[in-house]
Amino acid sequence: MNTIPSVDLREFLSEDPGKKKKFIREIGDAYEEIGFVALKGHFLSEQLVEDLYAEIKKFFALPEAVKKKYEIEGIGGQRGYTSFGKEHAKGRKEGDLKEFWHFGQYVEDNPVLEAQYPPNVMVEELPRFNEVGKETYRMLEKTARYVLRALALHLELEEQYFDKWIKNGNSILRPIHYPPITSEPENAIRAAAHGDINLITLLMGAHGKGLQVQNHKGEWIDAIAQPDELMINVGDMLSRHTNNRLKSTIHQVVNPPRELWGTSRYSIPFFMHPVSEMPLDCLENCIDEKHPKLYEDITAGEFLHERLIELGLIKA
């Protein structure tokens with residue numbers, strides 16, 4: 001497969017069983033083939049998207065000393081600001097050429113989880129920053145819930161199979177700023193080749209060249225969404241849970257051509273995580289003689305902890 005398939009969530013949400021089946025088949029086939037789709041019909045309004053980009057550009061333009069006060073020690077970058085070059089891909093030492101912010105879960109009706117998750121960090125200088133971030137988080141979480149319902153049906157599970165695991169899940173909304181490149185990068189790119197940790201990732205801002213996906217032949221292909229589309233990919237947790245039936249695909253963000261080095265790039269992924277207790281054991285209906293069990297049993301929380309150590313965000 002050399003292009004990213006496009007699907008429309010409104011087909012799944014329609015009252016037409018034929019359209020719903022078509023959506024389930026198309027997204028299921030895409031995730032078995034290449035692990036990425038471009039999705040129309042999501043719950044983000046144009047105004048919300050505009051507002052979010054305006055707010056995050058204001059934040060990343062703040063003086064370094066102001067941003068640094070929102071970099072919280074001891075929580076592995078789970079909330080607030082992470083400064084330039086601090087995160088690296090698994091297996092690499094070079095830091096990625098980016099800085100980012102994390103909005104986390106807004107827990108409902110669960111004081112135990114509320115105590116476990118770090119609180120969201122409030123930016124005093126920008127009164128609408130947190131408000132717009134929270135609304136975007138909610139709309140992407142809602143979109144992700146329906147995508148996972150479609151995938152549950154594709155996997156011949158109950159439609160709401162994932163609902164109990166993602167409610168109050170440890171999901172993260174990450175506005176990223178790739179600053180202008182001012183000198184020849186030494187073996188570093190904006191985001192080195194990696195797979196995502198989580199169940200699925202919903203990406204805003206894949207509208208120009210930069211994001212590349214590796215297909216099954218090992219070829220890098222450009223992943224470019226239309227202005228009204230989100231790019232959505234399978235993460236390692238979902239791939240593991242489905243015994244690699246749904247593919248977590250390696251992807252990267254490459255440096256722009258030299259003539260565009262002076263420009264910033266912004267992208268905003270939403271990493272859909274379940275609650276830590278979710279077992280990621282390979283589903284029984286994804287194991288057979290041709291597809292033996294590939295992974296040991298592990299919970300989502302244990303898997304996340306392992307990967308954050310590998311990424312250099314927490315110490316072993």
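## Packing of α3 and α6

In this predicted model, helix α3 (residues 46–60) and helix α6 (residues 129–154) have axes that come within 9 Å and cross at roughly 135 degrees. That angle makes α3 oblique to α6, because an angle over 145 degrees would be needed for roughly antiparallel and 65 to 115 degrees for roughly perpendicular. The crossing in which α3 passes α6 is left-handed.

## Aromatic pairs around phenylalanine 59

The model contains 14 aromatic pairs. One of them joins phenylalanine 59 and tyrosine 70, with 6.5 Å from centre to centre and 55 degrees between the planes. This pair is tilted, since only planes over 60 degrees apart count as edge-to-face and those under 30 degrees as stacked. Phenylalanine 59 belongs to helix α3, while tyrosine 70 is in the loop between α4 (64–68) and β3 (80–82). The two residues are eleven apart, and their pair links distant parts of the chain. Both phenylalanine 59 and tyrosine 70 are buried.

Phenylalanine 59 also pairs with tryptophan 101. Here the ring centres are 4.9 Å apart and the planes stand at 70 degrees, so the pair is edge-to-face. Tryptophan 101 is in strand β4 (residues 99–102), 42 residues from phenylalanine 59 in helix α3, and this pair too links distant parts of the chain. Phenylalanine 59 counts as buried because its relative accessibility is 0%. Tryptophan 101 is likewise buried, at 0% relative accessibility.

Ring pairs link Phe59, Phe60, Tyr70, Tyr81, Trp101, Phe103 and Phe129.

## Charges over rings

Two residues with charged side chains are placed over aromatic rings. Lysine 20 lies over the face of phenylalanine 12, and the distance to the ring centre is 5.0 Å. Arginine 174 has its charged end over the ring of phenylalanine 100, at 3.8 Å from the centre of that ring.

## Asparagine 215

Asparagine 215 is placed in the loop that runs between β9 (211–214) and β10 (220–222). Its relative accessibility is 6%, so asparagine 215 counts as buried; the cut-off for buried is under 20%.

The side chain of asparagine 215 has two contacts to describe. One reaches the backbone nitrogen of lysine 217 at 3.0 Å. The other is a polar contact of 2.9 Å between the side chains of asparagine 215 and glutamate 219.

## Asparagines with positive phi

Asparagine 168 is not a glycine, yet its phi is positive, at about 60 degrees. The residue is located in the loop between α7 (163–166) and β5 (172–173). Asparagine 168 has a relative accessible area of 7% and is therefore buried.

Asparagine 243 also has a positive phi without being a glycine, in this case about 55 degrees. Its position is in the loop between α8 (236–241) and β12 (251–253). With a relative accessible area of 5%, asparagine 243 is buried as well.

Methods: Residues are numbered from 1 along each chain as its sequence is written. This is a predicted model: local features need pLDDT of at least 70, side-chain atom pairs count only at pLDDT 80 or more; totals for chains, interfaces and linings use all residues. Side-chain values use heavy atoms; hydrogens and water are left out. Helices (H or I, at least four residues) and strands (E, at least two) are DSSP runs, numbered from the N terminus. Buried means under 20% relative accessible area, exposed over 50%, partly exposed in between (1.4 Å probe, protein chains only). A polar contact is a pair of N or O atoms within 3.5 Å; within protein, one must be able to donate a hydrogen and the other to accept it, and residues adjacent in sequence count only if both atoms are side-chain atoms. Rings of Phe, Tyr and Trp (its six-membered ring) pair if their centres lie within 6.5 Å; planes under 30 degrees apart count as stacked, over 60 as edge-to-face and the rest as tilted. A charge sits over a ring if NZ of Lys or CZ of Arg is within 6 Å of the ring centre and within 35 degrees of the ring normal. Axes are lines fitted to C-alpha atoms, for helices over the stretch in contact, and angles run from 0 to 180 degrees between N-to-C directions. Angles under 35 degrees count as roughly parallel, over 145 as roughly antiparallel, 65 to 115 as roughly perpendicular and the rest as oblique. A crossing is left-handed if the near helix is turned anticlockwise from the far one by less than a right angle, and right-handed if clockwise.
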